[in-house]
Amino acid sequence: DVIIIPDNDRAGEDHADKVARSLKGIAARVRILRLMSLDRKGDVSDWLDAGGRIEQLYELAEAAPDWRPASKLPLTWLGDEDRVPPRRWLVKGLLGKNELSIIHAPSGGGKSFFALDLSARIAAGLDWFDHQVMPCPVLYVAAEGAGGFRLRMKAWRQKHPDAEGAPFVMLSRSVDLLDPRSDAVEVLTDAIAEVKDATGEAVGLIVLDTLSRMMPGGVDSEPRDVKAFLGNTERLRTETAAHIMIIHHSGKETDRGMRGSSMLRDYADTVIEIKGNDTDGPLRAFVSKQKDGEDGNEYRFNLAQSTVGTDEDGDEITSCVVEAIGASAGAGSQKKPKLSDREEIARRCLADLLAGDAVTPVTGIAAASVTRAVTLDQWRDAVRNRLAMENDASFRKAWERLKNKMLRLSIIGVDRGLVWLA
C-alpha cells in the first residue's frame with residue numbers, strides 16, 4: 001500500500017501522477033494524500049513545520065482516496081470538486097479569466113468607448129466602478145475606424161496620465177473568424193507573441209470590435225455562420241487562455257437584445273447591453289447575463305468630450321472619454337426566475353433546436369417579432385430524449401407542468417403549436 005503526498009503545485013501533481021503510473025501492477029494499492037492547508041508549492045515538510053503531527057498525518061493517510069490516472073478530458077470525480085480552482089477574475093464579479101463576453105449596443109450607442117475604457121483599465125490595473133481588476137496586457141482588434149480609435153486612445157490616456165505605458169495594444173485590421181481555413185487565429189497568436197516579447201507577460205484579454213467585421217460574408221442571424229465563428233473564437237480562447245470580448249450591435253428592436261442568432265447569447269459567459277443615448281442623460285451598461293453570478297447590475301456613465309489636438313486649420317480635434325457616474329442594481333434588474341435542473345435542460349434543448357436547421361417558418365403568430373420557432377412536439381421529444389425518459393403518463397404529466405411553468409415565467413412563447421424562447 002503506497003501513499004503519495006504531492007507538493008501543492010502543478011509540477012507536484014504531475015510528478016505524483018508519474019510515480020503512481022510507474023507503480024501500476026507493482027503496488028497493491030496506490031493512494032494520493034493532498035494536504036489542502038499547504039501554501040502554493042508547499043510540501044509535507046512545510047506542513048510538519050507549521051505544526052502538523054505525525055499521528056495526524058497517519059489519520060489523513062488512512063482516509064486518502066485511491067489514485068486515478070489523470071484524464072485528457074475535463075473530468076471531475078465526485079469528491080474532487082475542491083481541486084478545481086474557483087472562477088478567476090479579470091474584473092472581479094464581472095469578467096472571468098479565459099471566458100467570453102459580449103458587449104452590444106445600437107450603432108453609435110457608445111459600445112466601443114465603453115469597451116476601450118474597460119479594457120484599458122484592465123491593462124493599466126485601474127479599478128473599474130470600484131471593481132478590482134487583475135492587470136494584464138490587452139490586444140484590441142479595431143476593425144472599424146482605426147484612425148478614430150487612435151483618437152479615443154489618446155483621449156483616454158490624457159484623462160488617465162498615471163496609466164502611461166500600460167500594455168494596451170491596438171491591432172488595426174479585421175480578421176476572418178468565419179472561414180475555418182483562414183489564418184485569423186495564427187495572425188492573432190503572432191500579435192500576442194509580439195506583445196509577450198515586449199512586455200514579458202501573456203495577453204489576458206482580446207477584444208474583437210466588431211463581430212460583423214470578424215465574419216466577412218457571414219450573417220449573424222444564420223446559425224451555420226455563427227457556429228463557425230464561435231468555433232474559431234473557441235479555438236482562439238483555448239490556444240491563448242485569454243478572455244475574448246466581442247463587440248456587437250443590438251437588434252432593430254433594442255428591447256429584444258443583441259442582433260442575430262440566440263447562439264451568441266447562449267455561448268457567452270457575460271453579456272453587457274449599453275442602453276440610452278447621451279443626449280437624454282447618462283448611458284447605462286446593463287449586465288443582462290452573468291454565468292454563475294448575479295446579473296441585472298447597471299453601470300451609469302457619460303461620454304465627455306476631450307480635445308486631443310488641432311488640425312491644419314487650427315481647429316480642435318476632439319474625441320470622447322467615459323466618465324463613470326455610479327453603479328446600482330438598476331431599474332430592470334429583477335432576478336430571472338431560478339430554473340430547476342429539468343427546466344434548464346428544457347430551455348437548452350429549445351435553444352439548440354432554434355439554432356439548428358429544423359426551424360419552422362413563422363407567419364401570423366401572436367408575437368410578430370418572432371422569426372424562428374419549432375413545433376411543441378419537436379421540443380417535447382428533444383427534452384424526453386435528453387432526460388432518457390419513457391413516453392408514458394408520468395412523463396406527459398411532468399412535461400405539462402414544466403411547459404406551463406416556463407410559459408408562466410415568460411421564458412417561452414407558444415402559439416398555434418409553435419414554441420420559441422421569449
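Before turning to the helices, I noted the convention for handedness: a crossing is right-handed if the near helix is turned clockwise from the far one by less than a right angle, and left-handed if anticlockwise. The model is predicted, and I read every entry below with that in mind.

Helix pair. By that convention, I found that H11 passes H12 in a right-handed crossing. Helix H11 covers residues 376–387 and helix H12 residues 393–408, and I noted an angle of about 115° between them, with their axes 12 Å apart. I then listed who makes the contact: Leu376, Trp379, Arg380, Val383 and Arg384 come from H11, while Phe395, Trp399, Lys403 and Met406 come from H12.

Sheet. I next looked up the open sheet of three strands, whose order is E14-E16-E15 with antiparallel pairing. Strands E14 (374–375) and E15 (412–415) stand at the edges with a single partner strand each, so one side of each is left without a neighbour in the sheet. Between E14 and E16 (residues 418–421) I found two bridges, and Val374 has Val419 of E16 as its bridge partner. Helix H10 (residues 341–355) lies across E14, E15 and E16, and runs at about 100° to E16.

Whole protein. I recorded 12 helices and 16 strands, with 43% of the 422 residues counting as buried. Of the contacts between residues at least 6 apart in sequence, 65% join residues at least 24 apart.

How values were computed:
Residues are numbered from 1 along each chain as its sequence is written. This is a predicted model: local features need pLDDT of at least 70, side-chain atom pairs count only at pLDDT 80 or more; totals for chains, interfaces and linings use all residues. Side-chain values use heavy atoms; hydrogens and water are left out. Two strands pair if DSSP finds at least two bridges between them. Helices (H or I, at least four residues) and strands (E, at least two) are DSSP runs, numbered from the N terminus. Contact means heavy atoms within 4.5 Å. Axes are lines fitted to C-alpha atoms, for helices over the stretch in contact, and angles run from 0 to 180 degrees between N-to-C directions. Buried means under 20% relative accessible area, exposed over 50%, partly exposed in between (1.4 Å probe, protein chains only).
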